[in-house]
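Please open the structure in your viewer and have the selection tool ready. The stops below are taken one at a time.

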Amino acid sequence: MLTLPWHSLGEWFRQSNASTAFEIAHGDHIWGVAKRNASFNDSFNEAMVSDTSLVGKVFASACMDRFSGLRSVVDVAGGTGTLARAIAKALPQVQFTVFDLPHVVEGLTSEENGRIVFVSGDMFEYVPPADAILLTWTLHDWSDEDCVKILKRCKDAVPPKEKGGKVIIIDMVMTSRESEHFKSEETQLFFDMLLMVLTSGKERNEKEWSKIFTDAGYKEYKIVNALGLRSVIEVYY
Ligand SMILES: C[S@@+](CC[C@H](N)C(=O)[O-])C[C@H]1O[C@@H](n2cnc3c(N)ncnc32)[C@H](O)[C@@H]1O
């Protein structure tokens, strides 16, 4: 499923009407195929569990100070809850909501005595309110225009900075050789191409991130380089 679209790149470059090479190969965008094809949905969600189990462990050991003073967190597009589970244990005072599409969270029941709950919905329409929103390995799946829409929904859901509100993004910040944070150019470029083939997204450098934050109405951001090729970006308004 994920290798076939690479064979459609030539057709896509020659001005196909499809938005992605994935759509040429499979007739729908990746989340539409996941909704219709239970086996692909399960495999994709399991792949995310595997990836996020590692990232969650590092995040839970290095970044717990990011949650200081928070009482509620919504993990938007949080998959089947791997990151929420990884950090909930270290944060007994925080209520977590894992928010994702219906075919991802259906059948999942609350955990940790109700401290982790699963809610289905479309992040382009609504994001449940909380002190903070987590967006992990998600914005890179979307175009700049779509990221601005998602970040505006998140802004509606969290309080302003002076009241402790924030959006916490875990995603790649592309760096050049001159940067002190430069790492593995090949992996950065591979992910950028992978997202071009599978989704309408891309990897972004700091300037590109900064523009979408401003366009979505945020005033400030802070990048913490704590997770190897991935960064933690805190965004406030
Ligand atoms: C790359 S996965 C990341 C999952 C999780 N954050 C993680 O790191 O393991 C992207 C997620 O976005 C979800 N998603 C896609 N479109 C969505 C939408 N419109 N509303 C909510 N979630 C969506 C997918 O179902 C998928 O779980």
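Predicted model: local features only at pLDDT ≥ 70, side-chain atom pairs only at ≥ 80, totals over all residues.

**Stop 1: helices H7 and H9**

Select residues 144-157, which are helix H7, and residues 206-215, which are helix H9. Two packed helices are described by the angle between their axes and the distance between the axes. Here the packing angle is about 50 degrees and the axes are 9 Å apart. The crossing of H7 past H9 is right-handed.

Now show the side chains where the two helices meet. On the H7 side, the contact is made by Asp-144, Cys-147, Val-148, Leu-151 and Lys-152. On the H9 side, Ile-212, Phe-213 and Asp-215 take part. Colour these by class: the contact of H7 with H9 has five nonpolar and three charged residues, and no polar ones.

**Stop 2: H7 by itself**

H7 has 14 residues, and the distance from its first C-alpha to its last is 20 Å, close to the 20 Å expected at 1.5 Å a residue.

Which residues of H7 are buried? They are Asp-146, Cys-147, Val-148, Ile-150, Leu-151, Cys-154 and Ala-157. An α-helix has 3.6 residues a turn, so residues three or four places apart point the same way. Cys-147, Val-148 and Leu-151 are among the buried residues of H7, and these three also belong to the contact with H9.

**Stop 3**

Go to strand S4 and pick Thr-136, which lies in it. Thr-136 has a relative accessible area of 12% and is therefore buried. Leaving aside neighbours within four places in sequence, its contacts are Asp-75, Leu-83 and Ile-170.

Step on to Trp-137, in the loop between S4 and H7. Is Trp-137 buried or exposed? At a relative accessible area of 11%, Trp-137 is buried. Check its backbone as well: phi is near 55 degrees, a positive value in a residue other than glycine.

**Stop 4: the loop between H6 and S3**

Select helix H6 (102-105) and strand S3 (116-120), then the loop between them, where Asn-113 has its place. Asn-113 has a positive phi of about 55 degrees although it is not a glycine. With a relative accessible area of 86%, Asn-113 is exposed.

Ser-110 is found in the loop between H6 and S3 too. At 45% relative accessibility, Ser-110 counts as partly exposed. It is in contact with Ile-116 and Val-117, leaving aside neighbours within four places in sequence. Draw a distance from Ser-110 to Asp-42: the two are 68 residues apart in sequence and 20 Å apart in space, C-alpha to C-alpha.

**Stop 5: Arg-66**

Finish in the loop between helix H4 (38-62) and strand S1 (72-76), where Arg-66 is found. Its relative accessibility is 14%, so Arg-66 counts as buried. What does Arg-66 touch, not counting residues up to four places away in sequence? Show Lys-166, Ile-168, Lys-222, Val-224, Val-232 and Glu-234 around Arg-66.

How values were computed
Residues numbered from 1 in each chain as written. Heavy atoms only, no water. Axes fitted to C-alpha atoms, helices over the stretch in contact; angles between N-to-C directions. Helix = DSSP H or I, 4+ residues; strand = E, 2+ residues; numbered from the N terminus. Left-handed = near helix turned anticlockwise from the far one by under 90°. Contact = heavy atoms within 4.5 Å. Nonpolar A, V, L, I, M, F, W, Y, C, P; charged D, E, K, R; others polar. Expected span 1.5 Å × (residues − 1). Buried < 20%, exposed > 50% of the residue type's maximum accessible area, 1.4 Å probe, protein only.
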